[in-house]
Amino acid sequence: MVKLNQLLVLALAALMSMSVRAELVVEVTQGVESPTRIAVVPFANDSGLALSEDVADLVQQDLGRSGFFEPMARENMLGFPSRRADVYFRDWRISRMDYVVIGRVENNANGQLNITYELFDVLREESLMTEPLSVPQGGLRDAAHFIADRIFEELTGLKGAFSTQIVYVTAEQLSAGKQRFRLKLADWDGARAQTILESPEPILSPAWSMDGSKLAYVSFETSKPSIYVQHLATGKRERIQSFPGLNGAPAWSPDGNQLALVLSRDGNPEIYVLNLQTRELQRITRHYGIDTEPNWSPDGRSLIFTSDRGGQPQIYRLDLASRNLERLTFEGNYNASGRLTQDGRFLTMVHRSQGGGNGFDIAVQDLKTDRVDILTRSGLAESPSIAPNGSIVIYATQEGTRGVLSAVSLDGRVQFRMPANEGDVREPAWSPYLR
């Protein structure tokens, strides 16, 4: 049996050995069996300006990378309509398209850009939605993600998550015994990556506040683990807690007023809750086993966490008011890093089957039926994080000798990976909705 403290040491050693730079790129490795066929026609540029982004291409990439859609290649399109009167549905039926998106970009009197787009059902020959947008000239990429979100929701019933962001940790080997760690922020697809913290010491466990304005993380910059909170808009950061021993695994409460933490200040790793307004610290667990990886329920009334108190790492739920403790996972000899979907029904985790022969994979458990489904088969999965719409789990894994980020839908039908051009990437965390 692998103990939790051994895993913490191994994870830290793996992180310290990484070498990485470059942005991530989404590569779909598996989509739904019958993806929706959609044509996103190049938007007409009536602005008279050289646009910094191809809005239609970005919309097409978002929809295609989701795994739910099969976009039509531009070279196969029979026409490039930008207004409803120019849409000939017969042409799109011949091309076997289910839906068509058209649009145009124009200038307005305020120096901004007007974008108008429209989604059509080809078979019914009717418009499903149309919407005008006004954006600054530097906001075309954000507008494209927004349009993709709206189309995705209209056609799948799920709120789109293309306007969200991810954070992750990278490290670069500078010389023998010298490394550079970076906490990076990027669009969901890895674009526009920027460094928000750089340190010669490891960075671990980034966690988003529920309003998307702040990050909590663990930094070893003082040669020991300390928890920091950083404001993304200003870059201002403060050290929150630094007791002797372990200070780790911060997790924000839904209201943003509290952090669940793992501290070993009393000699054993236990779960604590810190009130960020009063600085009152409350110990939540009391057991000789190792309690770690806390995460809040969506209603803020309970915490889930990993503990080996039963002899093997498993996931438990503790009601904060009554202190009633419930073991959630029983299938397999290892379940850790639990995360709940926003409706509280599904629990994702790092899972190892009984006997451990298949290594560590991502699994999902339906908390109503207790059914467990194993979603991946890499054997090297860690650090899962759920998209805010509950449809996709992003996680870290390995491809050969390199670490990559991969993702899988909660039903296992859609899979994609996000490798960097060089090196490894770890510790992903998906943002909440940002608008």
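In which handedness of crossing does H2 pass H4? The crossing is right-handed, where the rule is that a crossing is right-handed if the near helix is turned clockwise from the far one by less than a right angle, and left-handed if anticlockwise. Before going further, keep in mind that this is a predicted model, where local features need pLDDT of at least 70 and side-chain atom pairs count only at pLDDT 80 or more, while totals for chains, interfaces and linings use all residues. Residues are numbered from 1 along each chain as its sequence is written, and side-chain values use heavy atoms, with hydrogens and water left out.

Back to the two helices. Helix H2 covers residues 55-65 and helix H4 residues 140-156, and their axes come within 8 Å and cross at roughly 45°. That angle makes H2 oblique to H4. (Under 35 degrees counts as roughly parallel, over 145 as roughly antiparallel, 65 to 115 as roughly perpendicular, and the rest as oblique.) The axes are lines fitted to C-alpha atoms, for helices over the stretch in contact, with angles from 0 to 180 degrees between N-to-C directions. Helices (H or I, at least four residues) and strands (E, at least two) are DSSP runs, numbered from the N terminus.

Who does the touching? On the H2 side the contact is made by Val 55, Leu 58, Val 59, Asp 62 and Leu 63. H4 answers with Leu 140, Arg 141, Ala 144, His 145, Ile 147, Ala 148, Ile 151 and Phe 152. Contact here means heavy atoms within 4.5 Å. By class, that contact has ten nonpolar, one polar and two charged residues; Ala, Val, Leu, Ile, Met, Phe, Trp, Tyr, Cys and Pro count as nonpolar, Asp, Glu, Lys and Arg as charged, and the others, Gly among them, as polar. The spacing along the helices has a plain background: an α-helix has 3.6 residues a turn, so residues three or four places apart point the same way.

Nine of the eleven residues of H2 are buried, so the helix is largely enclosed by the rest of the structure. Buried means under 20% relative accessible area, exposed over 50%, and partly exposed in between (1.4 Å probe, protein chains only). The buried set includes Ala 56, Gln 60 and Gly 64. What covers these buried residues includes strand E2 (27-30), E3, E5, strand E7 (113-121), H4 and strand E31 (415-418). Just after H2, Gly 67 takes a positive phi of about 85°.

The end of H2 also leads us to charge pairing. Asp 189 forms a salt bridge with Arg 65, with the closest N and O atoms 3.5 Å apart. A salt bridge is a side-chain nitrogen of Lys or Arg within 4 Å of a carboxyl oxygen of Asp or Glu. This pair links distant parts of the chain, 124 residues apart: Asp 189 sits in the loop between strand E10 (178-187) and strand E11 (194-199), and Arg 65 in helix H2. Asp 189 is buried at 4% relative accessible area, and Arg 65 counts as buried at 17%.

Arg 182 and Glu 198 meet through their side chains in a salt bridge (3.4 Å, N to O). Arg 182 lies in E10 and Glu 198 in E11, so the bridge ties together parts that are 16 residues apart in sequence. Arg 182 is buried at 14%, whereas Glu 198 is partly exposed at 45%.

Arg 37 and Glu 70 form a salt bridge (3.4 Å, N to O). Arg 37 belongs to strand E3 (residues 36-40) and Glu 70 to strand E5 (residues 69-71), so the pair ties together parts that are 33 residues apart in sequence. Arg 37 is buried at 19%, while Glu 70 is partly exposed at 37%. The structure holds 26 salt bridges.

Most residues other than glycine have a negative phi. Ser 337, in strand E24 (residues 334-340), has a positive phi of about 55° and is buried at 10%. Ser 383, in strand E28 (residues 382-386), also has a positive phi, near 55°, and counts as buried at 18%.
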